[in-house]
Amino acid sequence: MSRFKFPPSIRSRPVYETLAARDGKSHLIIAEAEGAEAVFDLAKNAENLMAHAHIIYIQGRSGDVYAERLASLGARQFYMGPSYSAALPRLRRVLSDAKMGLQAYLTGTEGMMGQAMLELTSAGIPHTAIQCEHRGSTARRMQCVHCKGITEDVTTDPFVCSHCGLNLFVRDHYSRRLAAFQGVCVDAEDPGNVPDQVEIYQ
Amino acid sequence: MTLQFNDETFRDDYTFTNSQRAIDRFPFPFHEDSYMYSVNMEQHQGGPKGSVYENRFDVDEHYISEMKDRAQVLAEDPLRCQSLPHMNLAGWDLLELIMVSKSEDYPDLFELHRDGNNWHWINRPLGIEDKFVFLDNASLPYGPMEYITRQTQGDFAVLDQRDENLWLDAGMITTQADWSLDFDIGMNFFEWHAPVPKANEMGIFIRALKFLLNVQQGTPARRLNWTMTVNPLLDTSPENYHKWGVQKTGLTPQNVGSKQFLRVELQTFFRLPRSNGLVFPIRCYLIALEDIVTVPKWGRRLHRVLRDIPDELATYKGFIDNKPMIVDYLSKFDDGQPTSAGIWPEKDSEPELVV
């Protein structure tokens with residue numbers, strides 16, 4: 001099952017909805033891994049949308065299991081790439097031509113959606129024209145508040161910063177500007193006393 | 001009176017001290033014998049002579065040393081001062097507000113001469129004299145917000161107002177109570193306060209925002225906030241928490257009076273005229289427990305407040321582990337006698353401590 005219901009949290013933490021077709025001149029769909037399933041649902045409920053849609057699909061951990069079905073949706077443009085960073089130059093090129101009336105749909109992991117959201121809002125697309133639906137992994141993109149390095153795909157709390165090596169605990173405090181949650185040293189007051197790792201959502 | 005400036009440090013050997021005058025004018029934050037969050041705003045239109053409320057921007061004996069500490073923090077981590085591109089005008093608004101206020105309130109320390117946009121600023125305590133063109137960034141050695149806040153005590157959050165919200169879009173944050181400007185910049189009022197426990201559920205931030213959105217030019221507001229810090233460490237940043245956090249474990253029953261500090265923030269709020277932004281100076285005052293208890297009313301009250309504070313708040317404010325030791329120390333300065341209402345020390349009317 002690709003859907004996960006996040007427990008209630010603090011107000012800086014993003015919340016996600018279910019993608020719904022909106023009227024628009026064009027539709028930019030950025031999906032990652034199991035996000036493909038949200039695209040199928042979207043397509044099912046909106047007949048004309050795909051004729052004006054550009055799908056940017058990032059395979060991530062799903063490989064090409066969704067590839068054929070996505071390609072058959074009839075999108076005006078369909079792209080498939082291995083990772084967000086690989087897709088980024090294309091996304092930027094597409095955004096440079098974006099016109100008023102564009103609707104954006106993001107679906108996949110929080111880390112991908114957060115980065116894409118940042119890219120879209122930086123390009124001047126109002127956040128009200130961007131929908132997000134979480135699918136797939138609940139792994140987080142974490143910023144180490146100490147060294148500022150980003151660690152991708154964090155699934156445990158605490159975790160080790162992939163840059164400076166400190167043991168960090170996982171906060172729900174989220175920065176849209178960084179597209180990351182905040183990680184803070186867990187053993188600062190008692191060096192070496194690091195709690196056992198647990199899955200972030202159990 | 002002419003101010004005598006201390007030569008002191010807020011790190012390493014911690015030579016920071018408060019003079020008798022600084023103790024007497026300390027902004028004690030508890031108006032009654034208990035504490036809970038509230039939107040405790042009042043007008044910032046002066047206050048008793050000599051108090052921290054008297055002037056728009058209080059300059060005290062710690063000024064020069066605090067500015068040296070800020071320069072050191074910025075040299076180590078320039079991300080503590082950031083301004084998003086649309087906040088430049090608000091930075092000039094802030095520079096004007098501070099220069100005008102300080103030159104009017106402390107004419108012996110600061111001078112501002114204006115001929116149209118050609119300005120001449122003299123800061124005697126720091127030995128700074130600059131001529132520049134108002135609104136011309138190239139005429140100053142730093143951006144306007146950074147330039148003036150390198151010369152003004154307290155942290156500065158500069159907020160943009162739009163969409164019926166306030167956005168933390170610029171700041172100079174080097175004496176913070178454990179929050180990161182680099183992480184929080186760009187957030188709205190609710191987002192950057194999101195980690196504060198209880199206050200959201202109590203509706204505190206909704207009411208505070210309503211108040212702040214309506215602060216008008218010329219009618220600034222203020223409130224006090226507080227936390228606890230071990231050692232007179234100004235830079236209690238999350239960025240350096242892995243370095244300073246361990247100091248919290250250095251308290252003993254013998255040194256708690258001299259090493260445990262009450263940290264009070266005098267928060268003020270000014271509307272900025274050109275940008276319609278809001279500046280939120282957060283001025284930090286530190287006082288050792290052993291100095292607080294020289295004021296009988298404050299010793300009694302601080303004991304009662306900390307003894308009865310909910311664990312959730314003590315955890316958020318970072319002293320839950322040391323709370324028993326702190327309360328035990330303070331209990332020796334609480335003889336159970338009543339305290340008068342309000343924050344002022346009332347040294348002449350409060351009963352002597354009976355132990």
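Predicted model: local features only at pLDDT ≥ 70, side-chain atom pairs only at ≥ 80, totals over all residues.
1. Domains of chain A. The domain assignment divides chain A into domain 1, residues 26-134, and domain 2, residues 140-199. Taken over C-alpha atoms, the centres of domain 1 of chain A and domain 2 of chain A are separated by 28 Å. Contact between them involves six residues of domain 1 of chain A and five residues of domain 2 of chain A, and the domain 1 side of that contact is made up of two nonpolar, three polar and one charged residues.

2. P195(B) sits in the loop between α6 (189-192) and α7 (204-213) of chain B, and, if its neighbours within four places in sequence are left aside, P195(B) is in contact with I10(A) and H173(A).

3. Helix α1 of chain A. This helix, residues 35-44, is largely enclosed by the rest of the structure, because seven of its 10 residues are buried. The buried residues of α1(A) are G35(A), A36(A), E37(A), A38(A), V39(A), L42(A) and A43(A), a list in which E37(A) deserves a look from anyone examining the side chains. The elements that cover these buried residues include the strands β1 (26-32), β2 (53-58), β4 (102-108) and β5 (130-134) of chain A, together with the helix α2 (67-71) of chain A.

4. The α3 and α4 pair in chain A. Two packed helices are described by the angle between their axes and the distance between the axes. Helix α3 (residues 84-96) of chain A and helix α4 (residues 110-122) of chain A pack at an angle of about 25°, with their axes 11 Å apart. Angles under 35 degrees count as roughly parallel, and α3(A) and α4(A) are therefore described as roughly parallel to each other. The crossing of α3(A) past α4(A) is right-handed, and the contact is made by Y84(A), L91(A) and L95(A) on α3(A) and by M112(A), Q115(A), E119(A) and L120(A) on α4(A). Five of these contact residues are nonpolar, one is polar and one is charged.

5. The α11 and α13 pair in chain B. Helix α11 (residues 296-308) of chain B packs with α13(B) at an angle of about 150°, and their axes are 9 Å apart. The cut-off for the roughly antiparallel class is over 145 degrees, so α11(B) and α13(B) are roughly antiparallel to each other. The crossing of α11(B) past α13(B) is left-handed. G299(B), L302(B), H303(B), L306(B) and R307(B) of α11(B) meet K323(B), I326(B), V327(B), L330(B) and S331(B) of α13(B) in this contact, which by class has five nonpolar, three polar and two charged residues.

6. Backbone details to inspect. Most residues other than glycine have a negative phi, and most peptide bonds are trans. A33(A), which is not a glycine, has a positive phi of about 45°; A33(A) lies in the loop between β1 and α1 of chain A, and with 23 C-beta neighbours inside 10 Å it counts as buried. E346(B) also has a positive phi, near 50°, and is found in the segment after α13 (323-331) of chain B; with 15 C-beta neighbours inside 10 Å, E346(B) counts as partly exposed. Finally, the peptide bond that joins D157(A) and P158(A) is cis, with omega of about -5°, and P158(A) lies in the loop between β8 (156-157) and β9 (159-160) of chain A.

Terms used. Residues numbered from 1 in each chain as written. Chains lettered and ligands numbered in written order. Domains from an automatic or database assignment. Contact = placed C-beta atoms within 7 Å. Nonpolar A, V, L, I, M, F, W, Y, C, P; charged D, E, K, R; others polar. Helix = DSSP H or I, 4+ residues; strand = E, 2+ residues; numbered from the N terminus. Axes fitted to C-alpha atoms, helices over the stretch in contact; angles between N-to-C directions. Parallel < 35°, antiparallel > 145°, perpendicular 65-115°, else oblique. Left-handed = near helix turned anticlockwise from the far one by under 90°. Buried ≥ 20, exposed ≤ 12 C-beta atoms within 10 Å, placed from the backbone.
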